[in-house]
Amino acid sequence: MRAAVILNPIKIPDADEFRGKVDAALTERGYDDSLWLETTADDAGSTMAKRAIEETVDLVVVAGGDGTVRVVCAELARTNIPVAVLPAGTGNLLARNLGISLDLDLALVELLDGDEQRIDSVLIEGDELGTDRFVVMAGLGLDAAIIADAPDELKKRVGWAAYVVSTLKNLNHPFVRVEIIVDGGRPLRRRVRTVVIGNVGTLQANIPLLPDALPDDGVIDAVVLAPRRITHWPRLALSLVVKRLREGRHIERFTGKTIQVTAAKTVRRQLDGDGISDGRTLSAAVDPSALRVRIP
């Protein structure tokens with residue numbers, strides 16, 4: 001058997017130690033002459049994933065931030081090559097939602113001695129975007145602003161807590177009027193702070209933003225957050241954490257195979273924690289069981 005290891009070197013503090021541990025774990029399990037590929041500032045993993053496909057490897061190990069994981073998984077969708085996600089970034093949201101340990105040594109054992117699961121991938125389109133895929137979440141409005149305003153240096157120092165700082169800075173993010181269409185149904189018009197479409201539902205600190213979202217359920221979920229005033233945020237945040245509390249009128253949820261969101265004006269947008277070009281639309285469609293992943 002042969003594996004390919006795709007890593008973002010910026011996210012790996014000690015590349016030599018990392019390579020030694022991963023190589024040893026792969027060799028011990030019968031993977032010979034592993035193909036090592038590093039992402040670059042201009043290529044988050046697309047070319048590397050295509051190389052792994054061309055080499056017909058038996059396993060792709062990806063280590064990097066959520067953006068690197070998204071790009072590699074997008075290329076590997078529908079290829080039948082399994083992906084093992086080693087947590088190495090700030091968010092590690094796919095790893096968290098798949099129950100993968102954030103400790104490298106434990107994650108290697110869990111994944112290489114674990115099982116396989118087929119999960120959904122989500123096709124996404126939008127103005128100035130073209131066709132792409134994500135595996136975690138896409139959104140527009142406040143959540144994209146939070147991601148854009150979390151400085152890289154702060155993320156290096158304090159990890160995902162940098163997003164908490166950015167959230168506090170953006171609590172008064174302006175409203176935007178949106179139109180939401182689920183499974184081609186009647187357009188729903190809302191005045192919102194943010195809309196998030198998810199393939200999985202749990203954020204850092206185990207916050208269940210989309211509590212019903214599962215990576216293998218053949219549907220996608222969306223949440224609309226629309227607190228009217230800053231004073232509404234504490235109750236909204238608490239209701240996300242404490243399940244027995246009623247969420248109230250500032251949260252609304254949708255589920256379907258396709259979800260289209262159109263904003264009345266150009267806003268910030270994000271895919272799996274990476275800011276993308278500003279725009280007005282996000283159109284998501286689930287691609288069921290498109291990706292094979294290793295799980296504990």
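Leucine 140 has arginine 269 in E13 as its bridge partner. This is a predicted model, in which local features need pLDDT of at least 70, side-chain atom pairs count only at pLDDT 80 or more, and totals for chains, interfaces and linings use all residues. Residues are numbered from 1 along each chain as its sequence is written, and side-chain values use heavy atoms, without hydrogens and water.

Helices (H or I, at least four residues) and strands (E, at least two) are DSSP runs, numbered from the N terminus. Strands pair if DSSP finds at least two bridges between them. The pairings of E13 (residues 258–271) are these:

| Pair | Sense | Bridges |
|---|---|---|
| E7 (residues 137–141) and E13 | antiparallel | 3 bridges |
| E8 (residues 176–182) and E13 | antiparallel | 5 bridges |
| E13 and E14 (residues 274–295) | antiparallel | 9 bridges |

Glutamate 179 bridges to threonine 262 in E13. Threonine 258 has alanine 285 in E14 as its partner. E13 and E14 form a hairpin with 2 residues between them. In that turn, aspartate 272 has a positive phi of about 50°.

Now the helices. The axes of H1 (residues 15–28) and H5 (residues 104–112) come within 11 Å and cross at roughly 25°. Axes are lines fitted to C-alpha atoms over the stretch in contact, and angles run from 0 to 180 degrees between N-to-C directions. H1 and H5 are therefore roughly parallel to each other (angles under 35 degrees). Phe18, Lys21, Val22, Ala25 and Leu26 in H1 meet Leu104, Asp105, Leu108 and Leu112 in H5 (heavy atoms within 4.5 Å).

Conventions:
Angles under 35 degrees count as roughly parallel, over 145 as roughly antiparallel, 65 to 115 as roughly perpendicular and the rest as oblique.
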